[in-house]
Amino acid sequence: MFTVFSRIIHFGFKNFWRNGWLSMVTVLIMVLALLVFSGLVLFGVVTDKAAASVQDKIDISVYFKTNTPEDQILDIKQSLEGLSEVKSVEYISRDRALQIFQASHQSDVVISQAINELNTNPLEASLNIKAKRPDQYALIADYLDTPNMTSFIDSVSYAKNQVVIDRLASIVNTVTRGGLVLTIFLALLSGLVIFNTIRLAIYSNREEISIMRAVGASNSLVRGPYMVAGIIAGVLAAVISLIVAAPLVYFVSPYLKVFIPGLDIFQYFYTHVFTLLLYQLAFGVLVGIFSSFVAVRRYLRN
Amino acid sequence: MIVFQSVSKVYNSHAVALEDVDFRVNPGEFVSLTGRSGAGKSTAIKLLIGEEKPTKGRIFFGQYEVNKLKDAELPAFRRHIGVVFQDFRLLSMKTAYENVAFALQVAGRPQREIAELVPQVLDMVGLSDKAKNFSNELSGGEKQRVAIARAMIHRPEVIIADEPTGNLDPFHTYEIVKLLEKINQLGTTVLLATHDKEIINLLERRVITLDNGRVIRDEEKGKYILV
């Protein structure tokens, strides 16, 4: 039993090596397919990050009447944080609001002077609410619309931005879902490319297979080495495709950073390189084995 | 041990390759199967090794009924015979040594047994110094000798040779026939399909003659007779 097994592995390596050109071409095509595959994985990271950064920009600001006591505002803040839809609530006091306003208008002499003229702080205290998902803002707005809230609230920014928020929400949704569909489709495509490449490689070996059968080789002795060759090809392709991808990702990374701040795709790449290698190996080797198994079957019948 | 019982083979419902063929080969015999090109010799051999199934009739090899064997059972059956093909059928990705060793490897024989037997057999066919050559580095005669070495190394009960000298010059033809006779002397049954009249007349052994798919003659000390 062990003899057969070790012979299969021995033949697998020898055949792969001696079929030099054919093996190389097969690996090359698999590298291309795997590049598509890892491109998809990275694409998923980019879309996730992009979606998250857009979502982060969306929020509701609730402005309180100037006579509202701070405790009251903090109470409302707590009750909001208790809602399952709410991700975070930031309290900006009237003083803090003034500070921010002054800082952002430092260079404008007229406004700075106008502020100094005033004796009282005209700005209102506010609560800045971020939801977990953009489609939840309507719920939060409704929550704020109850009488015991509206007595303290002067205005809520949601009403003005509702259209924009809803539109952004649906864009984020579409992109995420579309990205998933695209990923599945292209993963299937690259799998099919690998499958057919291996099928062709084994087709070109059909004569050898029939000779082996004529001499009395069992099905496993015929099929085994081709599956081993499929594994070798899968492993080589996985490693080579990552080596090729690295400089590509490095090159693209700064451009992506401009579009989506906070996204260092190259950093993601090298911190996750072993995970990516594992995905590639799994995909490449599994498709390689499966393809070899199926492709040889045709020539094992008479 | 080899029995053809009313065997017919028709391709595509109109090309009759064999018709009602009956014969029997006993252990230790040396039988030549002869006839013109297209008489049905190669077809008979293909049916015997299970490469194709007869349209009618039964074929027996020892305890196997060849026409009833399933695809999965064929490899085990084929390990009982050694076949030499006209087009050599060597594995192009293996050296001469590896081609011969392969016959033992498929039978699951251990490595040290293979390392012992293969050089012996290569020596017997006179190819010791070409052991490391690939088939594209061998001449026709050498390739055929490798094929014979491969066919006999696992000591099959029967060696079936389908026009083994078809691509060879007279000198190598003679060598191959002598080799087959030697193998037969050692106890192996030999079934030789050939249309070479020199071989037939040289051998003076049993000859079964086919013509248009039918057995027309079966003689103990046959001679090649132009029909």
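How many residues of chain B are in contact with chain A, and how many of chain A with chain B? The legends below take up that question and a few others for this predicted model.

**View 1. Where chain B meets chain A.** On the chain B side, 17 residues are in contact with 17 residues of chain A. Helices H2 (74-78) and H3 (96-105) of chain B are the elements that put two or more residues into this side. H3(B) gives the most, with 3 residues. Sorted by class, the chain B side has 8 nonpolar, 3 polar and 6 charged residues.

**View 2. The largest nonpolar core.** This core holds 100 residues, and those touching the most other members are A:Met30, B:Leu48, B:Val100, B:Ala149, B:Ile159, B:Ile160 and B:Leu191. Helix H10 of chain A (residues 219-259) supplies the largest share, 14 residues. Apart from this core lies another one, of 18 residues, including A:Phe64, A:Tyr137, A:Val156 and A:Val172.

**View 3. Zooming in on B:Val100.** Leaving out residues up to four places away in sequence, B:Val100 touches B:Val118, B:Val121, B:Leu122, B:Val146, B:Ala149, B:Arg150 and B:Ile153. Both B:Val100 and B:Ala149 are also on the list of core residues that touch the most other members.

**View 4. Chain B as a whole.** Here you'll find 7 helices and 10 strands. Chain B has a radius of gyration of 17 Å, close to the 17 Å the globule rule gives for 227 residues, so it is as compact as a globular protein of that length. Its C-alpha atoms fill a box of roughly 45 × 40 × 30 Å along the principal axes. Of the 227 residues in chain B, 44% count as buried. Among chain B contacts with a separation of 6 or more, 67% come from residues 24 or more positions apart.

Terms used. Residues numbered from 1 in each chain as written. Chains lettered and ligands numbered in written order. Predicted model: local features only at pLDDT ≥ 70, side-chain atom pairs only at ≥ 80, totals over all residues. Core = buried A, V, L, I, M, F, W, Y, C linked by C-beta atoms within 7 Å. Buried ≥ 20, exposed ≤ 12 C-beta atoms within 10 Å, placed from the backbone. Helix = DSSP H or I, 4+ residues; strand = E, 2+ residues; numbered from the N terminus. Contact = placed C-beta atoms within 7 Å. Rg over C-alpha atoms; globule rule 2.2 N^0.38 Å. Nonpolar A, V, L, I, M, F, W, Y, C, P; charged D, E, K, R; others polar.
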